[in-house]
Amino acid sequence: MTKISAAITAVGGYVPQFVLTNKMLEDMVDTNDEWITSRTGIKERRVLKKEEGEGTSFMAIKAAQEVLEKRDLDPAEIDLVIVATATPDSLVASTAAFVASEIGASNAFAYDLLAACSSFLFGMSTAASFIEAGRYKKVLLVGADKMSSIIDYTDRTTCIIFGDGAGAVLFEPNMEGLGLQDQYLRADGKGRQFLGMEGGGSIMPATAESVANKKHFIFQDGKTVFKFAVSNMADVAERILKRNGLTGDDVAWLVPHQANKRIIDATANRMGLDHAKVMMNIQKYGNTTSATLPLLLHDYEKELKKGDNLVFAAFGGGFTWGSIYLKWAYN
Ligand code: UT7
């Protein structure tokens with residue numbers, strides 16, 4: 001029997017219209033364009049304003065609809081919708097259920113997947129497993145985050161980094177051996193003291209005090225997270241190469257989480273990869289958390305060729321991190 005592999009067959013993406021530039025941030029906090037550019041690689045990021053649309057689902061739906069159009073797909077054929085996100089529309093009710101209904105995926109079940117900046121990467125593993133097992137034929141995976149909803153725009157250590165956006169891909173069975181080849185995924189809960197949001201969960205429900213103390217905004221010990229991100233992202237990417245007998249020359253593209261250009265450069269160097277093969281859009285969008293990987297695919301889709309070896313790598317809150325090796329399935 002031919003082995004079923006799980007391939008990406010369409011990509012969609014959406015970023016909000018409002019552009020928040022480094023220059024604008026100079027008027028909001030004590031920072032400057034030179035510092036932000038040299039320390040992170042970011043020049044501007046997008047912010048979803050109320051006038052354009054509300055909530056993470058607004059962007060997720062737009063990205064998902066592009067997938068449907070490109071694939072010319074009847075949404076009723078979708079089996080499962082996964083929304084990878086750290087900023088669901090609200091707690092308890094699944095954002096994915098709302099997205100599925102709004103796009104007409106009337107026969108799908110749907111749920112959210114939360115692993116901070118690794119949400120989409122882990123979602124790829126989940127989506128692919130359902131396809132490989134032969135259980136489902138069409139799994140829509142969306143990565144979407146409205147980071148501006150949990151950012152304190154008076155905190156220069158976080159407000160310069162994050163942005164809003166969404167990307168989506170469709171996973172389908174492939175009989176030519178294309179699609180997801182290998183994965184190396186990890187988590188370490190000790191990391192939650194260095195990156196996260198203290199308020200709003202079951203340990204610290206919202207109170208007047210938690211709001212006054214700004215506990216409903218994201219915090220990060222940037223230096224510590226940077227150290228873990230640099231070594232772990234490079235480690236897993238190198239491990240995936242070795243395990244599959246690949247060198248930098250065999251890789252067409254590195255698809256790295258967009259948290260900091262310096263982390264991405266370090267990963268590419270460890271892989272022995274020419275920097276022209278590194279997908280990068282951090283300068284335009286900043287760190288969109290769950291949306292970075294699919295937004296890269298969306299931006300670079302025209303350059304991808306059937307059979308290309310892609311290595312994905314991400315590191316994020318939790319801590320969570322990992323790498324996936326995937327063969328691109330279409331021109
Ligand atoms: O996606 C999830 C995973 N997240 C990450 O991977 C992020 C990892 N961390 C980072 O990318 C970096 O640590 C940051 C970009 C967040 C910060 O860069 P850094 O080079 O680690 O800076 P730092 O925190 O060590 O700060 C260096 C200096 C400090 O001043 P002193 O103490 O040297 O006088 C900061 O107060 O830069 C100062 N600083 C700033 N200056 C201008 C911190 N933020 C800013 C700012 N503008 N926005």
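**View A. Phe 217 is partly exposed, at 27% relative accessibility.** The model shown here is predicted, so local features need pLDDT of at least 70 and side-chain atom pairs count only at pLDDT 80 or more, while totals for chains, interfaces and linings use all residues. Residues are numbered from 1 along each chain as its sequence is written, and side-chain values use heavy atoms, with hydrogens and water left out. Buried means under 20% relative accessible area, exposed means over 50%, and partly exposed is in between, using a 1.4 Å probe and protein chains only. Look for Phe 217 in the loop between α7 (208-212) and β10 (219-220). Helices (H or I, at least four residues) and strands (E, at least two) are DSSP runs, numbered from the N terminus. Which residues is Phe 217 in contact with, leaving aside its neighbours within four places in sequence? They are Ile 150, Ile 151, Asp 152, Gly 196 and Met 197, where contact means heavy atoms within 4.5 Å. Asp 235 is 18 residues from Phe 217 along the chain, and their C-alpha atoms are 30 Å apart.

**View B. Five strands form an open sheet in the order β1-β7-β6-β4-β5.** The pairing in this sheet is mixed; two strands pair if DSSP finds at least two bridges between them. β1 (5-14) and β5 (109-113) are the edge strands with a single partner each, so one side of each has no neighbour in the sheet. From one strand to the next, the twist averages 20°. Angles run from 0 to 180 degrees between N-to-C directions, and axes are lines fitted to C-alpha atoms, for helices over the stretch in contact. Strands of a sheet pair through backbone hydrogen bonds, either parallel or antiparallel. Here β4 (residues 80-84) and β5 are joined in the parallel sense by 5 bridges, and Ala 84 has Leu 113 of β5 as its bridge partner. Two helices pack on the sheet. Helix α4 (residues 95-103) touches β4, β5 and β6 (139-146), and its direction makes about 135° with that of β5. Helix α5 (residues 119-132) touches β1, β4, β5, β6 and β7 (164-174), and its direction makes about 170° with that of β6.

**View C. Helices α3 and α4 cross at roughly 45°.** The axes of α3 (residues 55-71) and α4 come within 10 Å, and the two helices are therefore oblique to each other. Angles under 35 degrees count as roughly parallel, over 145 as roughly antiparallel, 65 to 115 as roughly perpendicular and the rest as oblique. The crossing of α3 and α4 is right-handed: a crossing has this name if the near helix is turned clockwise from the far one by less than a right angle, and is left-handed if anticlockwise. From α3, the contact residues are Ser 57, Ala 60, Ile 61, Ala 64, Gln 65 and Leu 68, and from α4 they are Thr 95, Phe 98, Val 99, Glu 102 and Ile 103. This group holds 7 nonpolar, 3 polar and 1 charged. Ala, Val, Leu, Ile, Met, Phe, Trp, Tyr, Cys and Pro count as nonpolar, Asp, Glu, Lys and Arg as charged, and the others, Gly among them, as polar.

**View D. Helices α8 and α9 pack at an angle of about 30°.** With their axes 9 Å apart, α8 (residues 222-243) and α9 (residues 261-270) make a right-handed crossing. Among the contact residues are Phe 226 and Met 233 of α8 and Arg 262 and Ile 263 of α9. The contact divides into 8 nonpolar, 2 polar and 4 charged.

**View E. Four strands form an open sheet in the order β8-β13-β12-β11.** The pairing is mixed, and the edge strands β8 (179-187) and β11 each pair on one side only. Strand β11 (residues 253-256) is joined to β12 (residues 309-316) by 4 bridges in a parallel run. Leu 254 stands opposite Val 311, and Pro 256 has Ala 313 as its bridge partner. Which residues of β11 point together? Trp 253 and Val 255 point one way, Leu 254 and Pro 256 the other, and all are buried.

**View F. Val 92 and Thr 289 have positive phi values.** Val 92, at about 80°, is exposed, with a relative accessible area of 86%. Thr 289, with phi near 55°, is buried, with a relative accessible area of 3%.
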